[in-house]
Amino acid sequence: MVRERKLVEEVSGWLRLYDDGSVDRTWTGSPQVKFMADPVPAHQDFIDGVATRDVTIDENSGLRVRIYLPEPNSEDLNKLPVILHFHGGGFCISQADWYMYYNIYTRLAKSVRAICVSVYLRLAPEHRLPAACDDGFSALLWLRSLAQGRSSEPWLNDYADFNRVFLIGDSSGGNLVHAVAARAGNVDLSPLRLAGGIPVHPGFVRSERSKSEMEQPESPFLTLDMVDKFLGLALPVGCTKDHPITCPMGTAAPQLDSLNLPPLLLCVAEMDLIKDTEMEYYEATKKANKDVELLISPGMGHSFYLNKIALDMDPPTAEQTTALIEGIQEFINKH
């Protein structure tokens, strides 16, 4: 007789965890938004000015990345900067090949004239933190091995400027920007240079609810249910949101002034549920005399630029997405 498995946890239509340890990530919410979480197959020919390919960068672990290469043009006098991307999803859901990322990171690669390398991060609860941090750091070390000539990947070897490598991450991926940059500050990356970090709406929180968590409207990409349950599944067993990965500005984390961080561009949405704790991070990094800039998107909610429906239907969302990309482009051009 087959024992029927029991539901242990469910998170906002995104994830169901069962008592046998199995996880079902089939989207059960509105069918109209499902397409944003559908995978986009890699294509090595240029479509709308960008080609993509998936590469396994560690045969032992199976760690993979998706590379976005903008079509070379005669105006590219130099090699292209590299943007190492960590996707969001509360450490529990999403993949580097989801349409929502493909839509925005093909656009970013074209606009900035940069090669984007997006990491297929291991997911919790099967792989609790710091697994995703380890994957992000492994991807950075792989880029270093390419820069040193110890590994080969034609698109990067031919077109990448390893002296201008930037980290970027959405939501929980923004936490990884900080965590990976902090780890990188303790190692010799040469001849690669980590030129900057761009946490976009990072999932910086703390155990005590912030004012914005209690007052700001929830959005399709972030609800309190998602914050609490995803982090409960992702953090090491027994840890709270005051963990250094989720609260790098807190007392449990290494002192910010002790970290060797690259220049940072912190991107914050004015109507984000977790805006207050993101601003606490900004103030703490400024107080620690770090090179940190702030880009605020007025009137916008968490990860608004990933919402293709809003991008198409709502002019302010489209305008603020363009402004965000231009701000990122300006930061990268500066460094």
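S171 touches G88, V200, H201, P202, G203, H302 and S303, leaving aside residues up to four places away in sequence; a contact here means heavy atoms within 4.5 Å. The structure is a predicted model, so local features need pLDDT of at least 70 and side-chain atom pairs count only at pLDDT 80 or more, while totals for chains, interfaces and linings use all residues. Residues are numbered from 1 along each chain as its sequence is written, and side-chain values use heavy atoms, with hydrogens and water left out.

S171 sits in the loop between β8 (160-170) and α4 (172-184); helices (H or I, at least four residues) and strands (E, at least two) are DSSP runs, numbered from the N terminus. S171 counts as buried because its relative accessibility is 11% (buried is under 20% relative accessible area, exposed over 50%, partly exposed in between, with a 1.4 Å probe and protein chains only).

On to L156, which is found in helix α3 (residues 154-159). With 0% relative accessibility, L156 is buried too. Its contacts, again not counting residues up to four places away in sequence, are I67, V82, I115, V117, W142, L143, L146 and F162. K79 is 77 residues from L156 along the chain, yet their C-alpha atoms are separated by 9.6 Å.

M313, by contrast, counts as exposed because its relative accessibility is 68%. M313 belongs to helix α8 (residues 308-313).

As for the annotation, an unreviewed UniProt entry gives "domain: Alpha/beta hydrolase fold-3" for residues 83-305; UniProt positions follow the numbering used here, feature names are shortened, and annotations may be inferred rather than shown by experiment. That span is 35% helix and 17% strand, and its end C-alpha atoms lie 17 Å apart.
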